[in-house]
Amino acid sequence: MSGFVPPPYPYDRLNRLLPITEAHAGGTVDLSIGTPFDPPPTRVIEALATSGTERSYPPSIGTVAFREAAQRWIRRRFDVDVPVAQIGATIGSKEFVATLPQWMHLRTPERDTVLYPAISYPSYEMGAILAGCRPVAVGMLPDGRMDLESIDAADAERAVLLWVNSPGNPTGALDDLDAAARWGRARGVPVFSDECYVEFTWSGRGRTVLESGMDGVVAVHSLSKRSNLAGVRVGFYAGDADIVSYLQEIRKHVGMMVPGPAQAAAIAALDDDEHVEVQRARYRSRLELLAGVLSQWSGEPVPLPQGAFYLWIPVSDGWEYTERLARDGGALVSPGEFYGPAGSSHVRVAVVQPDERVQLVADRLAVGRRRTT
Ligand SMILES: Cc1ncc(COP(=O)(O)O)c(C=O)c1O
């Protein structure tokens, strides 16, 4: 067969370690996938069950009420006014990331290249591959920002889009969104800014690319992380009038529709900031707890991130560290190469498990609190 063969899904590659972690009393402590564990607010769950929107097809672009809630949130969070017409719904941001290159390539067929950070969420590259485009990784500076200067002029000329992600997965680094917007505008390359971790910014305030104006840029947001709603699948994109309107029309044809109850739940979630404050405190304290546990165990300092809920730990070999931690601590983490070859001497630890599960890992590693059993 000479056609496309999907590569193994990154996290499935951890399955071979499951017998090792499961053998620990108390089972596997999964710190690999960044899936939220904590509950969404009750009001949001009530909205899911009581919207009365089950019968009809929901509007693909998102209900006006949902898009107005997104508009209010952007205004509150960033002091930026986006017209409702320039906002569209997504079934969570992953499908948007993975399908976008196809639509952008159709829009400018003479261009065929997707630019994305060399250490990043794997769907940026996969979206390019699925569209038959050229994925071109942009090198990273030591502080975790993309090295825009290093982009080859020929690649820029062929680019259908540039991805930027801040705070970034997996590094937690904050990128310079103004610089990315300037770079794109100067070259006619649309800039898509994945800002799904923005409310978990630890260094200074959260930023959106929209603060630099809406021309040529689109911000991509999600309810998954902010409101622990990854299971409900809802997010949105907002920005440049022409690009957003083009994507809204295409996505109608494709049948990308967020179920009505999910849109209703998202409105309740977007209008509430209190639960986000509670979640911020949880992640912050877990980041500190786990950094302490792992640095005591390894004898090496574990840096805290500038944003997001991952520890990005420099190690000599990502797989070796992952296997050792599975054996000694019964914990699953992600070897850095899941996020690109440039990540191979790191591991990513998602602090998504409750404190008592983290403490269980500490006990197994015989660090921190003394074993009580
Ligand atoms: C950088 C980044 N973008 C997008 C997503 C997708 O999130 P969702 O599809 O739940 O909105 C994730 C999930 O881990 C992510 O880390």
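Mentor: In this predicted model, let us begin with a pair of residues: the bridge partner of Pro335 in E12 is Val347.

Trainee: What makes E11 and strand E12 a pair?

Mentor: Two strands count as paired if at least two bridges are found between them, and E11 and strand E12 (residues 346-350) have 2 bridges, in the antiparallel sense. They belong to an open sheet of 3 strands in the order E9-E12-E11, with antiparallel pairing. Strand E9 (310-314) and strand E11 (334-335) are the edge strands, each of them pairing on one side only. Helix H11 packs on this sheet, where it touches E9 and E12, and its direction makes about 25 degrees with that of E9.

Trainee: Why is Arg286 called buried?

Mentor: The cut-off for buried is under 20% relative accessible area, and Arg286 has 3% relative accessibility, so it counts as buried. Arg286 has its place in helix H11 (residues 274-298), and, when neighbours within four places in sequence are left aside, its contacts are Asp38, Val351, Val352, Gln353, Pro354 and Asp355.

Trainee: Which residues of helix H13 are buried, and what covers them?

Mentor: In helix H13 (residues 355-364) the buried residues are Val358, Gln359, Val361, Ala362, Asp363 and Arg364. Their cover includes strand E1 (29-30), H11, helix H12 (318-329) and strand E10 (331-332). Just after H13, Ala366 takes a positive phi of about 55 degrees.

Trainee: Turning to the sheet of 7 strands, what makes E2 and E4 its edges?

Mentor: The order in this open sheet, whose pairing is mixed, is E2-E8-E7-E6-E5-E3-E4. Strand E2 (87-90) and strand E4 (134-138) each have a single partner strand, so one side of each is left without a neighbour in the sheet. From one strand to the next, the twist averages 20 degrees.

Trainee: Why is E8 described as largely enclosed?

Mentor: The reason is that 5 of the 5 residues of E8 are buried. Gly235, Tyr237 and Gly239 point one way from the strand and Phe236 and Ala238 the other way, and all are buried.

Trainee: Why are H4 and H5 called oblique?

Mentor: The axes of helix H4 (residues 93-107) and H5 cross at roughly 40 degrees and come within 6 Å. Angles under 35 degrees would count as roughly parallel, and 65 to 115 as roughly perpendicular; the two helices are therefore oblique to each other, and their crossing is right-handed. Lys94, Val97, Ala98 and Pro101 of H4 meet Ser123, Tyr124, Gly127, Ala128 and Leu130 of H5, a contact that divides into 6 nonpolar, 2 polar and 1 charged residues. Helix H5 (residues 123-130) also lies across strand E3 (113-117), E4, strand E5 (159-165) and strand E6 (191-194), running at about 170 degrees to E3.

Trainee: What makes H2 and H10 roughly antiparallel, then?

Mentor: Here the crossing angle is roughly 155 degrees, with the axes of helix H2 (residues 42-50) and helix H10 (residues 260-270) coming within 7 Å. The cut-off for roughly antiparallel is over 145, so H2 and H10 are given that description. H2 passes H10 in a right-handed crossing, and the contact is made by Arg43, Val44, Ala47 and Leu48 of H2 with Pro261, Ala262, Ala264, Ala265, Ala268 and Ala269 of H10. By class, this contact has 9 nonpolar, no polar and 1 charged residues.

Trainee: Is Pro167 buried or exposed, and how do you know?

Mentor: Pro167 has a relative accessible area of 2%, and the limit for buried is under 20%, so Pro167 is buried. Pro167 lies in the loop between E5 and helix H7 (177-187). With neighbours within four places in sequence left aside, its contacts include Gly172, Leu174, Tyr197, Phe200 and Gly307. Trp202 is 35 residues from Pro167 along the chain, and their C-alpha atoms are separated by 9.2 Å.

How values were computed. Residues are numbered from 1 along each chain as its sequence is written. This is a predicted model: local features need pLDDT of at least 70, side-chain atom pairs count only at pLDDT 80 or more; totals for chains, interfaces and linings use all residues. Side-chain values use heavy atoms; hydrogens and water are left out. Helices (H or I, at least four residues) and strands (E, at least two) are DSSP runs, numbered from the N terminus. Buried means under 20% relative accessible area, exposed over 50%, partly exposed in between (1.4 Å probe, protein chains only). Contact means heavy atoms within 4.5 Å. Axes are lines fitted to C-alpha atoms, for helices over the stretch in contact, and angles run from 0 to 180 degrees between N-to-C directions. A crossing is left-handed if the near helix is turned anticlockwise from the far one by less than a right angle, and right-handed if clockwise. Ala, Val, Leu, Ile, Met, Phe, Trp, Tyr, Cys and Pro count as nonpolar, Asp, Glu, Lys and Arg as charged, and the others, Gly among them, as polar.
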